[in-house]
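User: I would like to go through the labels used for this model and hear what stands behind each of them.

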Amino acid sequence: MTIDSRQVAAGMLEAVPFARTLGIEFVEVAPEAEGGVRAVVRLPDSSATHNHIGGPHAGAMFTLGETASGAVVLAAFGQLLDRAVPLAVRAEIAYRKLAMGPVLATARLGRPAAEVTEELAAGRRPEFPVAVQIATEDGKPTSEMTVIWTLRPN
């Protein structure tokens, strides 16, 4: 699988204007072993996205994680957009430690893309998880998130 990370970033920023509003940056979108996909996105440190204690607001961190998961979905299933619409079904986030400064969200596809594509081809509406870890730029984990996505047939 080849992934054009610039095309994924442009597609995400076009489809999700709120990601532009927050200044989210795309660091990497890349294939992984066994048909997996990884995306890394960054939320810069900005007073416009701070909470009452000076770190990134929980809503900004949630959006960062969801954006990273969406980049994974677009990279893995973008070739199916003429047949299906990707939709987030539900999400869960755990804020574990205080984050200060810029933060990075690393998202990974939780099922092989081929399995998901086979379900869609069989006429089913597949659901699949995308796991996200949010950490400070120096690698200290601050939050964990899982977004469950579906591909709704057109």
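Analyst: What follows sets computed values against the definitions of the terms.

Analyst: This is a predicted model, in which local features need pLDDT of at least 70 and side-chain atom pairs count only at pLDDT 80 or more, while totals for chains, interfaces and linings use all residues. Residues are numbered from 1 along each chain as its sequence is written, and side-chain values use heavy atoms, with hydrogens and water left out.

User: Why is the pair of Phe 77 and Phe 128 called tilted?

Analyst: Rings of Phe, Tyr and Trp (its six-membered ring) pair if their centres lie within 6.5 Å, and planes under 30 degrees apart count as stacked, over 60 as edge-to-face and the rest as tilted. The ring centres of Phe 77 and Phe 128 are 5.0 Å apart and their planes stand at 50 degrees, so the pair is tilted. Phe 77 belongs to helix H3 (residues 58-77) and Phe 128 to strand E5 (residues 127-136), 51 residues apart; helices (H or I, at least four residues) and strands (E, at least two) are DSSP runs, numbered from the N terminus.

User: What makes the contact between Arg 38 and Glu 28 a salt bridge?

Analyst: The term requires a side-chain nitrogen of Lys or Arg within 4 Å of a carboxyl oxygen of Asp or Glu, and for Arg 38 and Glu 28 the N to O distance is 2.9 Å. The pair links strand E2 (residues 37-43), which holds Arg 38, with strand E1, which holds Glu 28, 10 residues apart.

User: Why does Arg 38 count as buried, and why does Glu 28 count as partly exposed?

Analyst: Buried means under 20% relative accessible area, exposed over 50%, and partly exposed in between (1.4 Å probe, protein chains only). Arg 38 has 17% relative accessibility and therefore counts as buried, whereas Glu 28, at 31%, counts as partly exposed.

User: Why is Arg 111 called buried?

Analyst: Arg 111 has 18% relative accessibility and so counts as buried, while Glu 115, at 39%, is partly exposed; their side chains meet in a salt bridge at 3.2 Å, N to O.
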